[in-house]
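Visitor: Hi, could you walk me through this one? I'd like to start with a strand.

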Amino acid sequence: MKGKKGLCLLLTTAILSGASACGTVGNEIKTGSKGSEKETAVFSDEKTGDITTATADFSINLLKQVILAREGAEGIIISPVSVMCSLALAESGASGKTLEELEQVLGGGMSAKQYRRGLYDFLQTCKKASDSQFLSEQSIWINGDVKRKLQPEFLSNNNEWTNALLTVLPFDENASDAINDWVRKNTGGEIIKLVEQIPEDAAMYAVDATRFEGAWEEPYGTVQVIEDQTFYTADGRERAVTMLSGTQPYYVHLKGGFGFVKSYEGGVFDFVAILPPKDMPIQDYLDSITGNDIMDAYKNRKNDKIVYTQMPEAAFAFEHSLNIPLQAMGIQHAFSQDSGFEGIFSDHSPVWISQVLHKVNFELDRNGTKAASATVVEMLETASKEESREVLELILDRPFLFEIVETSSGIPVFLGLASDIAE
């Protein structure tokens, strides 16, 4: 895939469950040893509550906060549901105010149990229906240098929604290599290193890794690839890009913006790109959008017109600590040394979240889309505590919003904001 850098982009990666396969490291325990026997539930709001709205709201709100935290950055790529999954692993041992904040921010007020089950059902639908298009794994790494036992309830809570691999090993110089090897394997080699040096007081790491690789249902032919075209950045600069041109049968409207839908093979995922109103700053446009707005736009897509489109080939990479964005969204007590994670270890050893580190790689070209993300929640011990139709035209030559959605629910699996594409 041709590499372009500098897209201001949000990826909401819906990742939750999946059996982890890892070589022998320390003492390994499968928290979901019976996970393969679970019957995949049909995803529905009736069973899972308002999981679709909660996921979409978290996604768009995280995008807004990351952009604020990284003001002026050329490329921003995040995977919100990868973040959700890592936090959900830790949430299984949370209580009190910490649990309340996590339930409110992650699930819109739903109980942690209901929220985790809803994500499990949705992601199992994605994974089973799309074969190898969508893959996700989780793992929990415990410091074996400190003699402590895990709370049975912490294990059972996680066993309800994920086959996360639980590994107990000394947090010595080899531990970061073991975690990074797992991440590299489960992102198909896209994310090479997630954890650097492990602090002496580290107690646990909750890790998520996910991949999406989708081929276009209708790939772009050679005559549809147009070199040396121009993309206009949010501040008026010009970028030379390669445009992919074609006609699409479905279009959407979103708060005055106009966009199109392009399908991936298999019919489980769609790509959606939305161009904001021309005279409206991209940040103002983004601020006006809610999670429900995004899903409603997709669900209300129309096909009474044919849309002629152009969009740029691009590739992006992003790495960022999400501490400030998550705290701004309302997850605050979890980052304090008196946080309520007493439900993880049987001796009620106090632990707290010291950082949430996130990496994403994303590529889009004439053949399809490939994305990989990894998120780690680091937890430390508390110190001493076909008919004739009108033809429309849509050329993505200035900042635009885009997403990859699961077709039955409209939940954004990837959600992006393109404000700049550097050569």
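This is a predicted model: local features need pLDDT of at least 70, side-chain atom pairs count only at pLDDT 80 or more; totals for chains, interfaces and linings use all residues.

Guide: Happy to! Strand β16 (residues 412–418) has seven of its seven residues buried, so the rest of the structure largely encloses it. Buried means under 20% relative accessible area, exposed over 50%, and partly exposed in between (1.4 Å probe, protein chains only). Strands (E, at least two residues) and helices (H or I, at least four) are DSSP runs, numbered from the N terminus.

Visitor: Which way do β15 and β16 run?

Guide: They run antiparallel, with six bridges joining β15 (residues 400–406) to β16; strands pair if DSSP finds at least two bridges between them. Val 405 stands opposite Pro 412 in β16. Five residues lie between the strands of this hairpin, where Gly 410 has a positive phi near 85 degrees.

Visitor: What about phi in Asp 228?

Guide: Asp 228 is not a glycine, yet its phi is positive, about 55 degrees. Most residues other than glycine have a negative phi. Asp 228 sits in strand β5 (residues 225–232) and is exposed, at 68% relative accessible area.

Visitor: And Lys 255, where is that?

Guide: Lys 255 is in the loop between β7 (250–254) and β8 (257–263). Its phi is also positive, near 50 degrees, and Lys 255 is partly exposed at 44% relative accessibility.

Key:
Residues are numbered from 1 along each chain as its sequence is written. Side-chain values use heavy atoms; hydrogens and water are left out.
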